[in-house]
Amino acid sequence: MSGTGSRSRVATRTARPDDLPAVLSLVRQHRADAHAEGVLTGQTPGAAAAAGFGRLLADAGHRVVLAVRPGPGGDDGGAGEQVVGLAILGVDPLSVVLGVGQVTVDNLVVHRDHRRCGAGAALLAAAVAYAAETGAEHVVAAVGGHEAERQRFFARMGFAPLTTRRIVPRQTLARALTSWRRGGTTVPAPRRPPVRRRPVPLRGAGQG
């Protein structure tokens, strides 16, 4: 798949196995911008990273899309192109079961030196095309609550708040569950917003 952004010379295409270095570089930048370096550093050994990337590219339920700009050599997608953005598209399996298909957009990131050139819009256009291809009616994007710039971008594109996603290391969750089963901790009750009571007007107030 390929396409061209209308605001600039930005095109999109499906990633290839040799795009792994560019993808890892963008993922590292994304995690750094989100202050989540400890979640995914991209320091996986080369062979393992290449194997995992290959599995992702072969997964029929996902599509890795890159935003590229042509290099000084021309407009074709040859060796002179520069990868400036990334998005991982997928189909939410539960939405298919419920009959309301949703395409997910994960790890949408644009290189910090190439923002405001139409790369993000081009990647979302690829998501729209993928949704039409899969018959999905909605597009859902994952955005960190503290990523103000990304929040504003998606809001401008019509995205509304949907849910909050949290993350925990597997071992931490396992220890918490073990402690809970032994009665060492309790599951906290959900917080309720405080009830605001209207002030009771004084008798005779406002009468002259």
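These are my notebook entries on a predicted model of one protein chain.

**Ground rules**

I worked with a predicted model, taking local features only at pLDDT of at least 70 and side-chain atom pairs only at pLDDT 80 or more, while totals for chains, interfaces and linings use all residues. I number residues from 1 along each chain as its sequence is written, and side-chain values use heavy atoms, with hydrogens and water left out.

**Entry 1: the chain**

I looked up the fold elements. The protein chain has six helices and six strands. Helices here are DSSP runs of H or I with at least four residues, strands are runs of E with at least two, and both are numbered from the N terminus. Along the sequence I read β-β-α-α-β-β-α-β-α-β-α-α. I then checked burial. Of the 208 residues, 29% are buried. Buried means under 20% relative accessible area, exposed means over 50%, and partly exposed lies in between (1.4 Å probe, protein chains only).

**Entry 2: strand 3**

I went to strand 3, residues 62-69. Six of its eight residues are buried, so the strand is largely enclosed by the rest of the structure. I looked up its neighbours. Strand 2 (residues 11-14) pairs with strand 3 in the antiparallel sense, over four bridges. For two strands to pair, DSSP must find at least two bridges between them. Thr12 has Ala67 of strand 3 as its bridge partner. Strand 4 (residues 82-91) also runs antiparallel to strand 3, and eight bridges join them. There, Arg63 stands opposite Leu89 of strand 4.

I also checked Arg9. Arg9 sits in the loop between strand 1 (2-4) and strand 2. Its relative accessible area is 51%, so Arg9 is exposed. The C-alpha atoms of Arg9 and Pro70 are 7.3 Å apart, although 61 residues separate the two along the chain.

**Entry 3: the second largest pocket**

I looked up the second largest pocket. It holds about 560 Å³ of space. A pocket is found on a 1 Å grid over the protein atoms alone: an open set of points where a 1.4 Å probe fits, with protein on both sides within 12 Å along at least five of seven lines; lining residues have an atom within 4 Å of a point. Grid points are joined across faces, edges and corners, and the volume is the space filled by probe spheres set on them.

I count 22 lining residues, and Arg115, Arg116, Glu149, Phe153 and Arg156 are the closest to the centre. Helix 1 (20-33), strand 5 (102-110), helix 4 (119-134) and helix 5 (148-156) each give two or more residues. Helix 5 gives the largest share, six residues.

**Entry 4: aromatic rings**

I searched the whole structure and found two aromatic pairs. Rings of Phe, Tyr and Trp (its six-membered ring) pair if their centres lie within 6.5 Å; planes under 30 degrees apart are stacked, over 60 edge-to-face, the rest tilted. Phe153 and Phe154 have ring centres 5.4 Å apart and planes at 70°, so this pair is edge-to-face. Phe154 and Phe159 have centres 5.0 Å apart and planes at 80°, so this pair is edge-to-face. Phe154 has 3% relative accessibility and counts as buried. Phe159 has 24% and counts as partly exposed.

**Entry 5: Arg150**

I finished with Arg150, in helix 5. It counts as buried at 15% relative accessibility. Its side chain reaches the backbone oxygen of Ala142 at 3.2 Å.

Terms used. Polar contact = N/O pair within 3.5 Å; in protein donor to acceptor, adjacent residues only side chain to side chain.
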